[in-house]
Amino acid sequence: MNSKKISRRNLFKVSAIAGGGLMLKLSLPANALEDSATTLVKSSELNFYVQIASDGQITIYAPNPEMGQGIKTTLPMIIAEEMGANWDDVEVVLAPIDPAKFGLQGSGGSMSVTRNFDAMRRMGASAREMLIGAASELMEVERRDLKAEASQVIHGSGRSMTFGQLASVAAQQPVPVPEQLSFKDPRSYSIIGTSVGSVDNLVIATGLSKFGIDVDVPGMKFASYTRCPRPGGKAVSFNSAEIKALPGVIDAFILQPDSRSGKASMAFLDGLAALQGGVAIVGDDTWSVFAAKAKLKVSWDEREASTDQWSKMASDARAIAVKGGGEVKLAGASVGEALSDSNNRTLEGFYEFPYVAHVCMEPMNCTVDFRKGASGKPDAMEIWLGSQFPNQVKEIAENMLGVKQENVKVHGLRMGGGFGRRAVHDFAAEAMAISHQSGLPVKLTWTRTDDIHNDYFRVGGFENMKGAVSPDGKLAAWDQHYIGFADNGKPVIGSGLRGNELPMVAFDNASIRQTMMPVATACGAWRAPGSNTNAFVEQSFIHELANLAERDHVEFLTELMGSRRWIKEGNISALNTGRAIDVIKLAAEKAGWGRTMPEGTGLGLAFYFCHAAHVAEVAEVSVDAERNFSVKRVTVAVDVGPIINMSGAINQVQGSIVDGLSTMALQEITMQNGRIEQDNFHQYPVMRIASTPEIDVHFIQSDNKPTGLGEPALPPLAPAVTNAIFAATGERIRTMPLSNAGYKLV
Amino acid sequence: MVSLLIVSTAVLVQELQKKGACEHCQPDKSAWVEVMNKYKLTVNGNALEVDVAPDMPLLWVLRDKLKLTGTKFGCGIAQCGACTVHIDGVAVRSCVLPVSAVSGPVTTIEGLAQGDDLHPLQSAWIEHDVPQCGYCQAGQIMSAAALLSNNSQPSDDDIDQALEGNYCRCGTYVRIRKAVHTAASFYNADKRNG
C-alpha cells in the first residue's frame with residue numbers, strides 16, 4: 001500500500017517525537033443546519049486531530065472519504081487557514097476510520113463543506129490559540145501582542161517563534177472553549193479562496209495511489225460473485241465440479257440471500273443493501289475467477305425475481321398522463337380555470353427520462369479478512385474498501401455474521417468515483433460472506449457487467465406538464481403530473497417532487513400531482529437525486545412557456561422570482577430569489593445572451609437551486625441537418641458562498657458539466673423482464689474527450705455560508721442544452737437521452 | 001498556470017525524491033519464477049518470467065502477479081482505457097492483451113518517470129490539478145505519453161484522437177487537454193536541453 005506507506009512514513013516521523021509535539025483533540029458539535037440532507041446521515045459529532053512536529057511539519061487529518069470531490073484537500077485547508085499555517089508545511093493524512101475520534105466520516109449530499117466549515121475553523125483556531133499561549137509563555141509577552149502567520153507566532157516587536165519550536169509547550173496549554181474562539185477576517189485569508197492542488201496529485205500521476213481495488217493483504221485470495229441476472233432470483237445449483245476443476249480456482253459455493261445485511265449508510269436505503277443470492281468463486285487471481293465466472297451454469301429460482309419491463313412502464317406512464325389524476329401534492333386556486341381560459345395561451349408536454357447507472361470508473365470491490373474466534377477470542381474482521389460511509393459496514397458484519405462491531409476494523413480507501421453508488425454496501429456484504437464461508441482473506445472484484453447490472457440506479461420517470469400564459473405574457477398556471485416509481489408504496493429516492501422547485505416556490509397558481517408505479521429494480525442516490533431530472537423538466541417547460549408568451553427567457557425567469565428575498569428567511573436550504581437573479585444575469589451576460597446567433601446555433605439558459613447552491617448555465621450548441629449536435633461552450637454562474645479551494649471548485653463544476661452532458665446525451669438503462677439490458681460500455685457509453693465543450697466558470701462569492709459543490713452544477717446542464725437546441729432548430733426535446741430523440745452528440 | 005497552485009511542481013518533485021517513490025516502479029520480485037515454459041516479460045526495464053495461463057491478460061499479470069497496481073481495471077473490453085500501458089512505446093489496452101501475445105518491453109505508469117524525474121506529463125497533471133477521483137488518470141497519461149513521443153506539438157484534435165479511448169467519468173477532459181499542451185512545451189524544452 002504505497003500511498004499509505006508514504007503517508008505513514010511521515011506519520012511515524014511525527015509519532016516518534018510525539019512526546020515533544022502538539023497533539024490536539026477537540027470535540028465539536030456538528031453544524032445544526034436545517035436541511036433535509038442532514039437527515040441522510042446518522043451521526044452528529046465531529047472530532048479532529050492536528051499534530052505539529054518539532055521540525056515544523058504540520059500533520060492534519062482529513063476526516064471525510066475522498067471520491068474525487070476534493071474534500072481531502074478542502075477541509076484541511078480550512079484548519080490550516082485558521083491556524084496561521086503555511087500550506088507547504090502541511091501534510092494531509094486521511095484519518096483512520098474511528099468515529100469515536102472523528103465523528104461522522106461520510107461523504108454525500110454535497111454536505112461536507114456545509115457541515116464542517118465552522119467545525120474546521122474552530123479546530124484551526126484552537127490550535128492557533130494554543131500556539132499563541134505557548135509563545136506568550138516562552139517569550140514572556142502578552143497574548144494580545146501576538147499573531148499566528150506563516151507557521152510562526154510573531155510578536156509586535158518583530159520577534160517570532162516557529163510552530164515547531166512552540167509545539168511541545170503548546171500541547172500543554174488548556175484547550176480553548178469553542179464558544180470563545182474568534183475567527184480570522186476573511187480579507188486576511190491566505191489559503192482559503194486560493195487554488196490549491198489536490199494533496200494526492202503526485203501519487204495519482206505516478207500510479208502509486210491506492211484505491212480499494214489495489215489492496216493487497218498477506219495470504220489474500222481473489223473472488224468473483226455472480227447474482228441472478230433477474231434481481232431477486234436465488235441460486236439453486238451450479239456446475240460446481242466443472243468450476244472447481246478450472247485452473248486457479250480454489251473454491252466455489254452458493255450464497256443465500258440475507259436480509260440481515262440490509263443496513264445502508266443512508267436510512268432511506270436500508271433494506272436495499274441486503275446480500276443478494278448468487279455464486280461465489282474464490283481463486284488465485286482476478287483473471288482466474290473472472291474466467292471461471294464466464295463458465296458458470298447456474299440454475300436459478302426466479303419465482304420472486306423482478307419482472308420490470310421498461311417499455312411497459314413507459315406505455316403505462318403515457319396512459320396515466322392521458323387519464324390524469326394522481327395524489328395531489330399542491331393545488332393552486334385557479335389552475336383549471338387558467339388552463340381553460342380562452343384568453344390565455346396554453347401548452348402541454350410529456351417529458352421522460354430513463355434509469356441511469358453510476359459506472360464509477362473503479363468497479364465495486366471490497367477486501368475482507370474474517371478471522372474465526374478461537375481459545376476465548378471472539379470472531380474478528382478486517383475490511384478494506386472505498387466507501388462514502390466506510391464505518392457503516394461494521395453494522396453489516398454484526399447483523400449478518402454476528403461479528404461485534406468493536407472487533408471489526410475498517411480501512412477506508414480512496415474511491416475511483418462515488419456519485420452516490422458507494423453509499424450502499426451490498427458488495428461489502430458479499431465480500432464478508434465469501435471470506436466467512438471460505439475462511440480466507442479475499443478481495444472481491446466486480447466485473448463491469450456486475451457493476452452495471454447490480455447498480456442502485458438513478459430512477460427514471462415521466463412528467464406531464466401543462467401551463468398557461470396570460471395575454472400580457474405572464475405565467476398564469478402551472479400543472480405538473482409526476483409519474484414515478486415506488487417500492488412497496490414508498491417513492492424511491494429521487495422519484496417525485498418536493499414542492500420546493502421553481503416555479504412553485506415563487507408562484508401561487510401551481511398544481512402538483514404524483515402517481516407512483518411499482519418497481520423492483522434497485523434505485524439509489526445518483527449525483528443530485530431528484531434534482532438532476534426535475535431540473536430538466538421544469539427548466540425546459542419554463543422555457544417553453546416563455547416562448548409561448550413570446551418573452552425573453554432571462555426576463556421571464558427573473559420576473560418569476562419576483563422581489564429579492566429568501567423563500568424561507570435565513571434558511572440556506574431555501575431559495576434566495578436575489579441570488580438566483582444574480583447568477584442568471586451573470587451567466588447570461590458572460591455568455592453574450594441576446595447576440596445574433598449564426599444559422600444552426602443557439603444559446604440555452606437554465607437555472608436550478610439545490611444543495612443550498614444557486615447555479616445558472618448557458619449552453620451554446622450547434623446542430624446540423626442530420627441532428628448531430630455539439631456543445632461549444634457552457635457558461636456557468638455559481639453562488640455557493642465563499643469558495644474554499646478555487647481550483648477544486650472549478651474542477652467540480654467542469655466535471656458536473658461533462659457528467660451532465662454525457663448522461664443526457666448518451667445514457668440509458670432498460671429492463672427486460674427484470675434483466676438489465678446493458679452489459680458494458682459498448683452499450684452504455686460515457687462521453688469521450690472530443691465532445692468536451694469549453695467551460696467558463698464564474699463564482700459569485702456572496703456572504704452565504706460556504707456550501708458544497710459536488711452536485712449542484714449538474715442539474716441545470718440538461719435543460720440548458722435542450723433549450724439551446726430549441727433556439728438553434730425550433731425543435732423541442734422532451735426526452736433523455738437525446739440519442740432517443742435522434743440527436744447525436746459529436 | 002505556474003502561479004495557479006500553491007503547491008508547486010518543484011515542491012512536489014522534491015517530496016517525491018525524499019520519499020524515494022521510484023522504488024515503487026519495480027515489479028514485485030516474489031512473483032518471479034524459475035520454472036520453464038513461462039512468459040518472459042520486460043516490465044519497466046526489468047526482465048522477468050511469470051507463471052500464468054497463456055490467456056491471462058497483461059493487466060492481471062501486472063496487477064495481481066507483479067503487484068504493479070497503477071494500471072487499472074475498468075471494463076475488460078478495451079472501451080475505457082484505464083488499463084493503458086506501453087508496449088514498445090505504443091499505447092495498448094492491457095485488459096484484452098493475453099500475456100502470450102506481449103511482443104515487446106512493457107512500460108507502466110510506475111515506470112514512466114526517469115528515476116526521480118517525473119515525466120513532463122506527470123508534472124503537468126500536478127500543475128493543472130487535473131485529477132478528481134484519479135482512477136483513469138494513469139491510462140490518460142500513458143495514452144498522452146505515446147502521443148508526445150510521436151508528436152511533440154499536438155493540436156486539440158491530435159489530443160482528442162490520441163485520448164479518444166480513455167474515459168474520464170469525473171469529466172476532467174478540459175484540464176487533460178491543457179495539461180497535455182503544457183507537457184508538450186516541457187517536452188520540447190527537455191529535448192532542446194537534452
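Over all chains, the structure holds 17 aromatic pairs. Here a pair means rings of Phe, Tyr and Trp (its six-membered ring) with centres within 6.5 Å; planes under 30 degrees apart count as stacked, over 60 as edge-to-face and the rest as tilted. Please keep in mind that this is a predicted model: local features need pLDDT of at least 70, side-chain atom pairs count only at pLDDT 80 or more, and totals for chains, interfaces and linings use all residues. Residues are numbered from 1 along each chain as its sequence is written, chains are lettered from A and ligands numbered from 1 in the order in which they are written, and side-chain values use heavy atoms, with hydrogens and water left out.

**View 1. Phe427(A) meets Trp446(A) edge-to-face.** The ring centres of Phe427(A) and Trp446(A) are 6.2 Å apart and the planes stand at 75 degrees, so the pair is edge-to-face. Phe427(A) belongs to helix H12 (residues 426-438) of chain A, while Trp446(A) sits in the loop between E18 and helix H13 (448-453), 19 residues apart. Helices (H or I, at least four residues) and strands (E, at least two) are DSSP runs, numbered from the N terminus. Phe427(A) is buried, with a relative accessible area of 0%, and Trp446(A) is buried at 1%. Buried means under 20% relative accessible area, exposed over 50%, and partly exposed in between (1.4 Å probe, protein chains only).

**View 2. Phe629(A) and Tyr743(A) form an edge-to-face pair.** Their rings lie 6.3 Å centre to centre, with 75 degrees between the planes. Phe629(A) is in strand E25 (residues 628-639) and Tyr743(A) in the loop between helix H18 (717-729) and strand E29 (744-745) of chain A, so the pair ties together parts 114 residues apart in sequence. Both Phe629(A) and Tyr743(A) are buried.

**View 3. Strand E18 of chain A is covered on both faces.** In E18 (residues 442-445), Val442(A) and Leu444(A) on one side and Lys443(A) and Thr445(A) on the other are all buried. Strand E8 (residues 221-227) runs parallel to E18(A), joined by three bridges; look for Ala223(A) opposite Leu444(A). Strand E15 (residues 365-371) pairs with E18(A) in the antiparallel sense over four bridges, and here Thr367(A) stands opposite Lys443(A). Two strands pair if DSSP finds at least two bridges between them.

**View 4. Arg169(B) lies over the face of Phe419(A).** Arg169(B) is at 3.8 Å from the ring centre. A charge sits over a ring if NZ of Lys or CZ of Arg is within 6 Å of the ring centre and within 35 degrees of the ring normal.
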